[in-house]
Amino acid sequence: MSVLSGKKILLGISGGIAAYKTANLVRLLIKAGAQVQVVMSPASLHFVTPLTLATLSKNPVYSTFYNEEEGNGEWNNHVELGLWADFMLIAPATANTLSKMANGNCDNLLIATYLSAKCPVYFAPAMDLDMYKHPSTLDSFHKLKTFGNIMIPAESGELASGLVGEGRMAEPENIVAFLEKDIASKLPLKGKKILITAGPTYEAIDPVRFIGNHSSGKMGFDIADEAANNGAEVILVSGPTHLNVKNNSVKVVRVTSAQEMYDACHEYYNEVDVAIAAAAVADYRPKNVANQKIKKNESTFSIELEKTKDILASLGEQKKKQFLIGFALETENEIEHAKQKIQKKNLDLIVLNSLNDKGAGFGQPTNKVTFISKDFEIEPKELKSKEEVAQDIINKVIQFYNA
Ligand code: CTP
């Protein structure tokens, strides 16, 4: 999955021949999962039609401050466009547009939008080779970089003039690759490794039967996707579930029993910065596992159970640098029990589910949690989708590293 997935991108197009390539650029951004809105300078309308870009972006395209043809007084709000965007991309950025951006010469909607945008701004210059080297152009590049704008350098090759040299707008594929690389390098959990457990465990009774539970694994899978989307390297150790991760950078280790989950977690634990135990691990397992299928000979039948190892507690015991998050599912005295678990398992944070809360727990798309920190700070959350709860949990991790 691209880091551009879900991003809101405002594409500003200025009037150079490379504008014809923006149709493909919009297509690639949409294919990467981004939402795109286009603002055009009046000169760019000669090179590519708004209809093409509106069709590809599935959004109206703006090029004037107000709707001149309709004369209905409708105002195209450049401030709103600037606030909507996660980032702005100006491609192609002509020498004229770059100079206006550098000097705040606000004579069209594109420049007004640029000046109102609070988000990061990328610009991909496109011009003839001598213009690209001209001191005034170099001065614009320099000024814009000092404003914090990010330049996507032009490429070398044959130019519209017939001359060969530097100045061609970076190819749309290369612009997308540049954006992806730059955004990925700035994600808040870049360089962090996170271990997550998810799902139930199955404890064998005989070759065909097991003791298990109804955990779907969704909470753990959502946390894994959210962590990876924020740049972390994620190892997800999951018990039996039909789920798959959406972010395919997540390394999924599939296990069946509590013992296998314990072994897999300890294989990776030393190298991780964060561990989040969202699995519903079986607390007991059959003491003896039959080699053959058990026949129904007796009228009653009992199985002797023994305790499984508490994976989270063992991670707490061996904790060095790791930020350790556990879950607690309680039915009474919730806060008190959760606080005890923080101490018993040496946790930094516990995510408490109360079965008394509607919409919380197993098999639901939603969850209602309360965060309790190791200093016993209590933070109740609203009923939310599991994806949103995953965001809240990963935000706690981000806060920990930015505190
Ligand atoms: N956990 C674990 N290994 C186990 C049991 C639990 O890693 N063998 C983890 C779970 O993933 C969860 C937390 O520990 O993060 C839950 O703690 P637990 O003590 O099992 O609490 P409850 O499930 O609420 O059970 P109980 O109150 O009966 O102790």
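1. Start with one contact. Lysine 374 and aspartate 348 form a salt bridge, with their closest N and O atoms 3.6 Å apart. The term covers a side-chain nitrogen of Lys or Arg within 4 Å of a carboxyl oxygen of Asp or Glu. Lysine 374 lies in the loop between strand E19 (366–373) and strand E20 (378–385), and aspartate 348 in the loop between helix H12 (334–344) and strand E18 (349–354), so the pair ties together parts that are 26 residues apart in sequence. Helices (H or I, at least four residues) and strands (E, at least two) are DSSP runs, numbered from the N terminus. Aspartate 348 counts as buried, at 10% relative accessibility. Buried means under 20% relative accessible area, exposed over 50%, and partly exposed in between (1.4 Å probe, protein chains only).

2. A word on the source. The model is predicted: local features need pLDDT of at least 70, side-chain atom pairs count only at pLDDT 80 or more, and totals for chains, interfaces and linings use all residues. Residues are numbered from 1 along each chain as its sequence is written, and side-chain values use heavy atoms, with hydrogens and water left out.

3. Now the domains. Domain 1 spans 8–185, and domain 2 spans 193–293 + 304–402. These bounds come from an automatic or database domain assignment. The centres of the two domains, taken over C-alpha atoms, are 45 Å apart.

4. Back to salt bridges: the count is 19. One of them joins lysine 193 and glutamate 271 (2.6 Å, N to O). Lysine 193 is in strand E9 (residues 193–198) and glutamate 271 in the loop between helix H10 (258–269) and strand E14 (274–277), so this pair ties together parts that are 78 residues apart in sequence. Lysine 193 is buried, at 18%. Glutamate 271 is partly exposed, at 37%.

5. Lysine 396 forms a salt bridge with glutamate 379, with the closest N and O atoms 2.5 Å apart. Lysine 396 belongs to helix H13 (residues 386–402) and glutamate 379 to strand E20, so parts 17 residues apart in sequence are tied together. Lysine 396 is buried, at 16% relative accessible area, and glutamate 379 is partly exposed, at 29%.

6. Next, the rings. There are 7 aromatic pairs. Rings of Phe, Tyr and Trp (its six-membered ring) pair if their centres lie within 6.5 Å; planes under 30 degrees apart are stacked, over 60 edge-to-face, and the rest tilted. Tyrosine 122 and phenylalanine 178 are edge-to-face, at 6.5 Å centre to centre and 85° between the planes. Tyrosine 122 sits in strand E5 (residues 121–125) and phenylalanine 178 in helix H8 (residues 172–185), so the pair ties together parts 56 residues apart in sequence. Tyrosine 122 is buried, at 3%. Phenylalanine 178 is partly exposed, at 26%. Tyrosine 202 and phenylalanine 210 are stacked, at 3.8 Å centre to centre and 10° between the planes. Phe87, Tyr122 and Phe178 form one aromatic cluster.

7. Charges also meet rings. Lysine 192 lies over the face of tyrosine 401, 4.5 Å from the ring centre. Lysine 309 has its charged end over the ring of tyrosine 262, 4.4 Å from the centre. The rule asks for NZ of Lys or CZ of Arg within 6 Å of the ring centre and within 35 degrees of the ring normal.
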